[in-house]
Structures are given as structure tokens and as C-alpha cells.
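These are my notebook entries on one protein model. I set down in order what I looked up.

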Amino acid sequence: AGPFTDLGVPVVAEAARRGVHYLDTTGEQGFIRSVFEKFDREARSTGAALVPACAFEYALGDAAAELAAEDLQPCDEIEIAYAIEGFGTSRGTKKSILKAMSTEGFKYRNSNLVQSRSSDIRREVNFPGIGRRTASSFPAGEVIMVPRHVATQNVTTLMVLPIPALVAAAASLILPAILRSPFAGPMFRAIERGSFGPSVEERKKSAFTIVATARRGRQSRTATVTGRDPYGLTATIASHIALLLEKGNAENVGAVSPSMVAGRQAIIEPASAAGVAWHVGEIATS
């Protein structure tokens with residue numbers, strides 16, 4: 001289901017009120033922030049675990065950030081960068097992307113959330129097996145989730161974009177006006193007329209690399225995650241977390257990130273079984 005910004009809040013509110021565990025696969029930063037800021041206290045009181053973003057990107061990025069930060073906390077910065085090739089999107093993902101690009105985004109700076117726009121930061125990132133690529137900032141879920149369980153002053157999330165960074169930045173400026181105009185209806189109807197999503201064969205062609213880097217002073221460590229089939233992997237992660245919750249194995253209740261449900265191994269183990277590779281480097285000094 002999606003966009004979660006439109007559909008998710010009533011479900012989360014009832015789950016928190018009734019003490020019912022909840023998880024989703026959202027990629028929408030604003031919705032993730034709402035879950036943590038609006039429903040955490042009530043969910044703690046009723047014993048509900050609210051777990052947004054149990055999808056391949058943020059769940060893996062969340063776990064990788066914790067791996068990279070081990071023995072370096074408190075960190076000056078956690079940087080999480082994505083490179084995704086051949087990713088065909090579903091109808092729900094397309095709608096969520098439009099919503100995410102048209103709503104207010106945030107980055108984590110000096111232990112506070114501050115407003116940001118897509119592509120306002122650009123950095124060169126070395127992706128193993130791919131090489132150095134220019135990655136642009138985007139409002140990702142780790143900005144909200146990582147500071148909940150990793151001590152860091154800053155969180156920066158980046159992605160290698162399929163379009164020029166200036167085009168992405170311009171789109172984030174004009175999309176809010178478009179979605180408030182009469183053009184919004186035809187845009188979403190066009191998405192509905194498109195294919196439901198990529199086929200199994202198409203999904204397997206999609207490859208991703210996630211590089212999480214923790215920095216403290218002159219020291220740094222990088223955790224790299226590589227794999228294929230983001231949608232299939234999302235199903236694996238979400239179902240595994242759902243099973244942990246159903247069996248009563250949640251270590252934390254309230255609004256929690258995927259890695260906070262039962263530790264990062266609860267993400268690493270099912271993802272590894274599905275073919276994801278993890279590599280954690282040694283602490284380096286510059």
C-alpha cells in the first residue's frame with residue numbers, strides 16, 4: 001500500500017492505541033517521522049512495537065550504520081550512500097516517490113533535524129565493484145531512525161541519481177505546486193494505468209550497493225552491503241520481523257527502527273540467507 005503519507009496514519013494510531021504490533025515497508029521520511037514523534041509514547045504504554053521502513057533500503061542501511069559505528073561512538077557523522085541499478089518500480093513506489101519529493105525533507109545536523117531539499121549535498125562516494133560516483137542527498141528514513149540507536153551528531157543520506165542532480169533539485173521545488181494543481185489527478189491515474197510492478201525476472205536484474213561510513217575525528221569505518229531483487233528482499237525482511245513480533249521476541253516497544261526490534265542480526269541473518277553480502281572494514285585513520 002502507498003503512499004503511506006495518505007494511508008498509514010489511521011492504522012498506526014489504532015495499533016498504538018490497542019497495543020497491536022505494526023510494521024510497514026514505507027520509504028517516506030515524513031511518515032516515518034510521524035510514527036516516531038506522534039505515536040511512540042502511546043505505543044510504549046500499550047506494549048505495541050511500531051516498526052516503519054522494513055524494506056530493503058532503510059532496514060539494511062539502519063543495520064549497516066550500526067555495524068560501521070561499532071567502537072566509534074559517539075560519532076561525528078554517519079553517512080549512508082546508495083547505488084541502485086536496474087530498479088523497476090511498482091505503482092505504490094511511484095506514488096510514494098512523488099509524495100516524498102513534494103513534501104518537506106530533513107537531515108540530521110548537530111543532533112537536530114533541520115529542513116533540507118533533495119540534492120543540496122553532493123559527495124564523491126567509492127562504491128566497491130562500481131567505482132567512484134557522485135551521490136546526492138535525499139530525505140531518507142535513516143535520518144530519523146539511526147540516531148535512535150547510534151550515538152552520532154550528524155546523519156547524511158545520499159543516492160546516485162539516474163537524472164542530473166540539478167534536475168532532481170528542481171523537481172523537488174516544483175512538485176509540491178503540481179500536486180496541488182489539477183494536474184495531480186491525471187498524474188496518479190497514469191500511474192494506475194501502468195504495470196503493477198516489475199516481473200520476477202526483472203526484479204532479479206536489479207542490483208544495489210549500500211555504503212555506510214561512520215566517522216569520529218580522523219577515524220572512520222565503512223560497512224558495505226550488496227545484493228539483488230529489492231522487492232523480494234523487502235518481503236523477506238518484513239516477514240522475518242513480523243514473525244519475531246508474533247512470537248513475542250521484540251526487545252523494544254514503541255516506535256523503533258528495524259534494527260531495534262531484536263538487534264541488527266535480525267536484519268543481517270535473513271538478508272544474508274537471501275543472498276545479501278555484508279563487509280565491514282577495519283577502523284582507518286586519515
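**Entry 1: the whole protein.** I noted at the outset that this is a predicted model. I counted 12 helices and 13 strands in the protein. I then looked up burial and found that buried residues make up 49% of the 286 residues. For the accessible surface I recorded about 13,200 Å², of which 53% belongs to carbon and sulfur atoms. Among the contacts with a separation of 6 or more, 74% join residues 24 or more positions apart.

**Entry 2: helix H2.** Which residues of H2 are buried? I found that Val 12, Ala 15 and Ala 16 are buried in this helix, which covers residues 9–18. Looking down the axis of H2, I saw that its buried residues fall within an arc of 95 degrees, so they line one face of the helix. I recalled a general rule here: an α-helix has 3.6 residues a turn, so residues three or four places apart point the same way. On the face of H2 turned away from the buried side, I listed the exposed residues Pro 10 and Arg 18. I also checked what covers the buried residues of H2, and the cover includes S1, H3 and S2. After H2 comes Gly 19, for which I noted a positive phi, near 75 degrees.

**Entry 3: helix H3.** Where is the kink in H3 centred? I located the kink, of about 60 degrees, at Phe 39. Phe 39 is also one of the buried residues of H3, which include Phe 31, Ile 32, Val 35 and Phe 36. Gln 29, Ser 34, Asp 40 and Ala 43 are buried in H3 as well. H3 is followed by Gly 47, and I recorded its phi as positive, near 85 degrees.

**Entry 4: the open sheet.** I then traced an open sheet of three strands, in the order S1-S2-S11, with parallel pairing. Its edge strands are S1 (22–23) and S11 (254–255), each of which pairs on one side only. As a reminder to myself, strands of a sheet pair through backbone hydrogen bonds, either parallel or antiparallel. Between S1 and S2 (residues 49–51) I found two bridges in the parallel sense.

Methods:
Residues are numbered from 1 along each chain as its sequence is written. This is a predicted model: local features need pLDDT of at least 70, side-chain atom pairs count only at pLDDT 80 or more; totals for chains, interfaces and linings use all residues. Side-chain values use heavy atoms; hydrogens and water are left out. Two strands pair if DSSP finds at least two bridges between them. Helices (H or I, at least four residues) and strands (E, at least two) are DSSP runs, numbered from the N terminus. The bend at a residue is the angle between axes fitted to the seven residues ending there and the seven starting there. Buried means under 20% relative accessible area, exposed over 50%, partly exposed in between (1.4 Å probe, protein chains only). The arc is that of the directions from the helix axis to the C-beta atoms. Contact means heavy atoms within 4.5 Å. Accessible areas come from the Shrake-Rupley method with a 1.4 Å probe; for residues, only the protein chains shown count as cover.
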